[in-house]
Amino acid sequence: MIKDTKEIDAILIALNKSIDAHYKWLVKMFRCAVSSDVTQPDIMADNSHFICQFGQWLNSQSLHNEDDCSYVNKINTAHEKMHLLGKELLLAIVDNRTHLWQFDSFQDALLAFTSAVMDYKIYLLSIRSNIDVLTGLPGRRMLDESFDQQLLDAEPLNLYILLLDIDRFKHVNDTYGHLVGDVVLRALASNLLAWTRYDEVAYRYGGEEFIIIIRTKTDEQASLAGLRLCQLIGQKKIPYADGEIGITVTAGITRVQHEETLDTALGRADRAMYQGKQTGRNRCMFMDEREQISLVDSNDGISYPLSA
C-alpha cells in the first residue's frame, strides 16, 4: 500500500522527534561518563536499543512494502550497533582503559546511523513529491518509476492496466464550476482508495483520468474488477455544497505483456476506452494483445467483441 501525504508527514514528524531524543541520549551518555554512572538502562542494558525512545519509534512502525522494510532494517541495524559501541566506550571510559579506535568506531557508528536515517527521509520525501496534490493519489511519475518492477513483482499473476475517464467532465466544470469539479475529482480518488483491493493500486493520470493497476490471474477476473469499479462509481453520489452529483466513467483495460513498456500497454487501454466513449460511455472495455476490443459483461467477464 502506498502512503498518503498525511501518513508520510506523521512518520517524518515522529522520526524527527525520536532523533531529537537520541541527541539527548548522547548528551546523557557524556554525563554518565563524567559521573561514572553505568546504571542507565537505555545506555547499558543488553536491549538498550529497544528501550530508548528511538527504539520505541522503530518498534511502532508498520511497514508497507519491501522498500520500507529495507530502509527501516538498515536504520535498525545501525541503531543497534551504535548502542553496542556506545556501551563499550562508556565502560572503557569508566574503567580508564580507552583507546583511540574505540572513539573512532563509535563515531563511525553514529555517522552510519545518521546516514541510514537520512536515506529513509529522502525516500519518504520522494514518495511525497510524487503524490498528486489535489487527489492525494500517487501520480503518473510514480507509476513511471515503479512500473517495470511492478511487472516483475506481479509474477506468477498477470498485470493489467485499467484506464478510466469521467464521462462529460467538462459539463460538470461548465455547469457547476471548477471548484465543484475539484470536489468530484477528490471524492472519486477517495472512493477509489476505499474500493480498490489488495492487488489493485489507483493513480491520478491527469485531468479527469485515473489508472488502476490490477494483479490477478485471468483476463476475465481483471475485466470484472474493472467493471466492479465502474459500477461502484456510477452508483455513488458525490456530495457538494448545494447538493449531490452523479458521475459515470468509461474504462479501458488490457493485460501488460512480458517486458512491455508502460506506454505501449497504456496505449491499448486508451484505445479501448476511446471505443467505449464512441459506443455510449459508462462502460468497461477490454483490449487483448491482438487489439481485439470487447465489452465487459457483468455475467461472465468479456463478451460482445467490437471492431478495434
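**Exercise 1.** Sort the residues lining the largest cavity into nonpolar, polar and charged.

*Solution.* Start with the term: a cavity is a set of points on a 1 Å grid over the protein atoms alone where a 1.4 Å probe fits but cannot get out, and lining residues have an atom within 4 Å of a point. This is a predicted model, in which local features need pLDDT of at least 70, side-chain atom pairs count only at pLDDT 80 or more, and totals for chains, interfaces and linings use all residues. Residues are numbered from 1 along each chain as its sequence is written, and side-chain values use heavy atoms, with hydrogens and water left out.

Next, list the lining: Leu-188, Asn-191, Trp-195, Ile-233, Lys-236, Ile-238 and Ile-247. Now apply the classes: Ala, Val, Leu, Ile, Met, Phe, Trp, Tyr, Cys and Pro are nonpolar, Asp, Glu, Lys and Arg are charged, and the others, Gly among them, are polar.

**Exercise 2.** How are H8 and H9 oriented to each other?

*Solution.* First, take the axes, lines fitted to C-alpha atoms over the stretch in contact, with angles from 0 to 180 degrees between N-to-C directions. The axes of H8 (residues 169-176) and H9 come within 7 Å and cross at roughly 135 degrees. Then compare: under 35 degrees is roughly parallel, over 145 roughly antiparallel, 65 to 115 roughly perpendicular and the rest oblique. H8 and H9 are therefore oblique.

Definitions and conventions:
1 Å grid on protein atoms, 1.4 Å probe; cavity = no way out; pocket = protein on both sides within 12 Å on 5 of 7 lines; lining within 4 Å. Helix = DSSP H or I, 4+ residues; strand = E, 2+ residues; numbered from the N terminus.
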